[in-house]
Amino acid sequence: MHATRRLWTWLAIICVLSFGTLLFVGREIYLKAPPIPRQVLDQQGHVIWTGDQITRGQQAWLAAGGQQLGTVWGHGSYVAPDWSADWLHREAVALQDELAKRGHGKPYAQLDAAARGGIDALVKDALRRNTYDAATGTLTLSAERTAAIAAVASHYAGLFGTDTKLDKLREQYAMSAGSLPAADDRTALTGFFFWSSWAAATDRPGETALSYTSNWPHEPLVGNTPTAGAGIWSVASIIVMIGAIAGMVFFHSAQPEEADPKPPKDDPLFKLKATPSMKATRKYFAVVVALILAQVGMGVITAHYSVEGHSFFGFPLGDILPFTISRTIHTQFAVLWIATAWLATGLYIAPAISGHEPKFQALGVNVLFYALLFIVAGSTACGWLGTLQHRGVDFSFWLGNQGLEFTSMGRVWQYLLFVGLLFWAFLLGRGLWPALRRPSESRGLIAMVFLAAVCIGGFYATSLTWGQHTHYAMVEYWRWWLVHLWVEGFFEVFATAVIALLFTRLGLIRAASANAAIVLETIVFLFGGILGTLHHLYFTGTPTAVIAIGAMFSALEVVPLSMIGIEAYRNYQRMKAAPWVASYRWAILCFIAVGFWNTVGAGLLGFSINTPIALYYMQGLNMTAAHGHAALFGVYGMLGVGLMLFCLRGLTDRLAWSDALLKPMFWLLNIGLAMMVFMALVPAGIYQAWASISKGMWFARSPEVIHSPFMENMVWLRVPGDIVFALGTLFLALFVLRVMRRPARPATVPVEVPIEIAGRPAAKARVSTKA
């Protein structure tokens, strides 16, 4: 107990120091973010854009699809370009021609090598020289650059408008014509795209060859190449990771192996009678399956749009379900169904652990269910209609689609969801309270489950920190507080604590040793995970210190994953501990799959893009999608399925249980995911990385690469994996439908049998058996 108390102290210290550092870095980002000029002027003093227009352009882009329609500074979807990289390249090429015509009287392509070399030097100097005057808040551009910008702006105004000459390009980008119907919004949009590329190329004040985005994206025409810091901190992070893994292996091997307890002769949970609030969670799992099926369907449509753009096998589906909507639903539902499974699990296990059903708990569970259902349906419908009907920036921000990946629902729905998550934590807490007050070996585990739940609910408040006029660098900073700290922080803690708690309740591991182990694991997870958030922010207009901190701590995130295989093997061995454990076989196998995908999806594929030098070339390419699919579904999706199976075991008639459906479900999901990732996404990501390294980020995201025969073949090569995976979800749906139709029947024959818990004999318990 003394050792565990020390671990809790260390956990508190690490959290305080880590979050303090993260907040300090946020302050530095706020102070040193790329400035938004009050005015962008030409040499004659004419206003090209105002600062208000640039901010309005950010809102217009987000309302048109935002991060579901290409990326800015590398964050978003993968079919349309990265607009900052695309603008930068188009402006550099246009400036080449403008300077060639003015200096030599003919286009750049017709010049000899010497003349082109001179023009290249002028272009690089023009785009890197910082002409922003902080005292007046004005950015002044040369006449040649003003002319080049006008040509590029005209292209984007037509692209987001209805220019028929750009129909083919819109199809390649999976865009709809008239994405921004208002001319003022299109003008503002060009200002935002210009500003994002200006910050990516112009040197920071007092620096040479160092832009506000640390020279991202790679663009040889303007001298955007990796900084020395990106290379040095990448090497340092790998050294730290190897050393930390070696240290963890040494620490683990030095600890005495504690054998698992002798399992009970009978299932300790067989006699568990579901309370009204526990029974009320059944409908949550029905919604989980419905959301999975919808998410998979939208994923198929979204992937197909990367080939046909606006159609689905010739049918103009994009007229009613554009790419921006299908991808929003696909990414949003992935988070929602996993979260729903976890919410239901928490509500189910609370009375089971405490042995107490609080008054009106079932009512609270039902109210929360219908509230969440309203939020999911309402946010999806408003996002869909707002995008189709072009309701404008205010509707998009407050009710429709905010255009931010994984946090896309309008602000009103975010407020409601935040209240719902706090209500869930309240319900969970009042259900667990008797167990938290009662001294027991497992009280530490129960406390960790509750604290993780409070953090999951409380940290959703970070989605409320930005507004319509917030600087884009700060939007990204707060967005990753939510996405990263939820997924790679508190979700991870909640997951490990819940699994350990379930195993202790089954008598398969010792509660005392699990207590210390979970606190230690949490320390290791959060030590790297909290500051590891910064690896998403290397190139989003942040100070260079972000690269150093993010690189080192994101490398430490991989360390605990290196030991996951040992825990997965132990879980596999526990399946053989007693005959009755076989009834939990598929739930435990899902937990084992979590370990596999944690190592492969989060660890191997995650670290392949996490170092600054790797991410410099691969940010926003398909290697990110490979990591995202393998980690999100492989880890948290499989965990959600496993927890759902565990809960349904006690909520449904055991005679309705069908291993004949669960076996193909498990293998089809995992094999299908592996096929999708390694047959299609990884090869596509490597091909794009080659394009990015050889010619630049603009090229890797261009139609020439995205719609090359190789890349389109990779999309078609996803089909076998998608089919296998989809069949797995259908088997899961059939299984849930089967058990939902036959709820657990009340026992009719009470029989007294001795129960052994954690290897110790307990008093005889009255166990109800089937008549």
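In this predicted model, the side chain of Q468 makes a polar contact with the side chain of D394, at a distance of 2.9 Å. Q468 itself is placed in the loop that runs between α15 (443-458) and α16 (472-505), and, with a relative accessible area of 18%, Q468 is classed as buried because this value is under 20%.

On the surface, a nonpolar patch is formed by L293, F313, W716, V719, I723, L727 and L730, which together have about 630 Å² of accessible area. Helix α26 (residues 709-740) supplies the largest share of this patch, namely five residues. F313, which also belongs to the patch, is located in the loop between α10 (282-308) and α11 (323-354), and its relative accessible area of 57% is over 50%, which means that F313 counts as exposed.

With regard to cysteines, the count of disulfides comes to zero when a disulfide is taken as a pair of cysteine sulfur atoms within 2.5 Å. C590 takes part in no disulfide, since the nearest cysteine sulfur, which belongs to C647, is 12 Å away; C647 is likewise in no disulfide, and the cysteine sulfur nearest to it is that of C590, 12 Å away. C590 is buried, at 0% relative accessibility, and C647 is also counted as buried, at 0% relative accessibility.

Technical notes:
Residues are numbered from 1 along each chain as its sequence is written. This is a predicted model: local features need pLDDT of at least 70, side-chain atom pairs count only at pLDDT 80 or more; totals for chains, interfaces and linings use all residues. Side-chain values use heavy atoms; hydrogens and water are left out. Helices (H or I, at least four residues) and strands (E, at least two) are DSSP runs, numbered from the N terminus. Buried means under 20% relative accessible area, exposed over 50%, partly exposed in between (1.4 Å probe, protein chains only). A polar contact is a pair of N or O atoms within 3.5 Å; within protein, one must be able to donate a hydrogen and the other to accept it, and residues adjacent in sequence count only if both atoms are side-chain atoms. Patches are made of residues with over 30% relative accessible area and no salt bridge: like charges are joined within 9 Å, nonpolar side chains (Val, Leu, Ile, Met, Phe, Trp, Tyr) within 5 Å. Accessible areas come from the Shrake-Rupley method with a 1.4 Å probe; for residues, only the protein chains shown count as cover. A salt bridge is a side-chain nitrogen of Lys or Arg within 4 Å of a carboxyl oxygen of Asp or Glu.
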